[in-house]
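Reader: I'd like to learn how to read a protein model, one feature at a time. Can you walk me through it?

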Amino acid sequence: MYKKNGKKKYIPGHPRPKATQHQIDESGPAIVITKPDREYPIYVYIDGSCRVHLDNKPGTCAYVIVSRDNVVHSKAFRYEHTTNNRMEMEALYQGLKYVSNNISKTIKVIVYTDSTYVREGLLKWVKTWKANDWKTSQWTDVLNKDKWIK
């Protein structure tokens, strides 16, 4: 739920989770990124897409930042010659960068994503990739390494 023009709006398919402190919630689409320094968290909703069947493979991504039922900031981006996964990751990066630069570096951030790639990458794969010098379990280079390192 967020407020826009003084009216409460609900984001379909994204129920607001109850705030939990100092843990990663792996039960739903939310990913807790950092520990809180205040009672209420920041919610970052991300999405990305790409039209791979077109020659220039245009992609778009966007994020919406919500705090205390209010939209704090939102932004969309467009890129050429990209993929859907790169757009999902770019939305995450840009949203977290905005929170870090303009809100707080130590606030609890809950990310909502429909991307299994981003969710599993953050919660399961990235630690192993880092330890293996950015190689997969088959010892091939990790796709989108530049985005994961950001």
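Reader: Let's start with V111. Is V111 buried or exposed?

Author: The idea is to look at how much of a residue's surface is left accessible, and buried means under 20% relative accessible area. V111 has a relative accessible area of 0%, so it counts as buried. Keep in mind that this is a predicted model.

Reader: Where does V111 sit, and how far is it from I65 in space?

Author: V111 belongs to strand β7. Along the sequence V111 and I65 are 46 residues apart, yet their C-alpha atoms are 9.3 Å apart in space.

Reader: Now the chain as a whole. How many helices and strands does it have?

Author: The protein chain has three helices and seven strands.

Reader: What share of the residues is buried?

Author: Of the chain's 150 residues, 39% count as buried. Take the contacts between residues at least 6 apart in sequence: 61% of them join residues at least 24 apart.

Reader: What is the average confidence of the predicted chain?

Author: The average pLDDT of the protein chain is 80, and 74% of the residues score at least 70. Watch residues 17-24, though: pLDDT stays under 50 there. For that stretch the model has 14 contacts beyond four places in sequence.

Reader: Let's turn to a helix. How many residues does α1 have, and how far does it reach?

Author: One way to read a helix is to compare its end-to-end reach with the expected one. α1 has 19 residues and reaches 27 Å from its first C-alpha to its last, close to the 27 Å expected at 1.5 Å a residue.

Reader: Which residues of α1 are buried, and what do they pack against?

Author: The buried ones include M87, M89, L92, Y98 and V99, and E88 and E90 are also among them. The partners of the buried residues of α1 are the strands β4, β5, β6 and β7 and the helices α2 and α3.

Reader: How do you go about finding empty space in a model?

Author: Rolling a probe the size of a water molecule over the atoms shows where empty space is left. In this model, the largest pocket holds about 340 Å³ of space. Its lining has 14 residues, and the closest to the pocket's centre are L92, L122, K147, W148 and K150.

Reader: Which elements give two or more residues to that lining?

Author: Those are α1, α2 and α3. The largest share, five residues, comes from α1. Sorted by class, the lining has 10 nonpolar residues, no polar ones and four charged ones.

Reader: And α3, which I see in that list: how accessible is K145?

Author: K145 is in helix α3. Its relative accessible area is 38%, so K145 is partly exposed.

Reader: Where is S104, and is it buried or exposed?

Author: S104 lies in the loop between α1 and β7. Its relative accessibility is 13%, so S104 counts as buried. In sequence S104 and I42 are 62 residues apart, and from C-alpha to C-alpha they are 9.7 Å apart.

Reader: One last residue. What is K75 in contact with?

Author: Setting aside neighbours within four places in sequence, K75 is in contact with C61, A62 and Y63. K75 itself lies in strand β6. With a relative accessible area of 42%, K75 is partly exposed. The C-alpha atoms of K75 and Y98 are separated by 9.9 Å, and the two residues are 23 apart along the chain.

Notes. Residues are numbered from 1 along each chain as its sequence is written. This is a predicted model: local features need pLDDT of at least 70, side-chain atom pairs count only at pLDDT 80 or more; totals for chains, interfaces and linings use all residues. Side-chain values use heavy atoms; hydrogens and water are left out. On a 1 Å grid over the protein atoms alone, a cavity is a set of points where a 1.4 Å probe fits but cannot get out, and a pocket is an open set with protein on both sides within 12 Å along at least five of seven lines; lining residues have an atom within 4 Å of a point. Grid points are joined across faces, edges and corners, and a volume is the space filled by probe spheres set on the points. Helices (H or I, at least four residues) and strands (E, at least two) are DSSP runs, numbered from the N terminus. Ala, Val, Leu, Ile, Met, Phe, Trp, Tyr, Cys and Pro count as nonpolar, Asp, Glu, Lys and Arg as charged, and the others, Gly among them, as polar. The expected span of a helix is 1.5 Å times one less than its number of residues. Buried means under 20% relative accessible area, exposed over 50%, partly exposed in between (1.4 Å probe, protein chains only). Contact means heavy atoms within 4.5 Å. pLDDT is the predictor's confidence in each residue, from 0 to 100.
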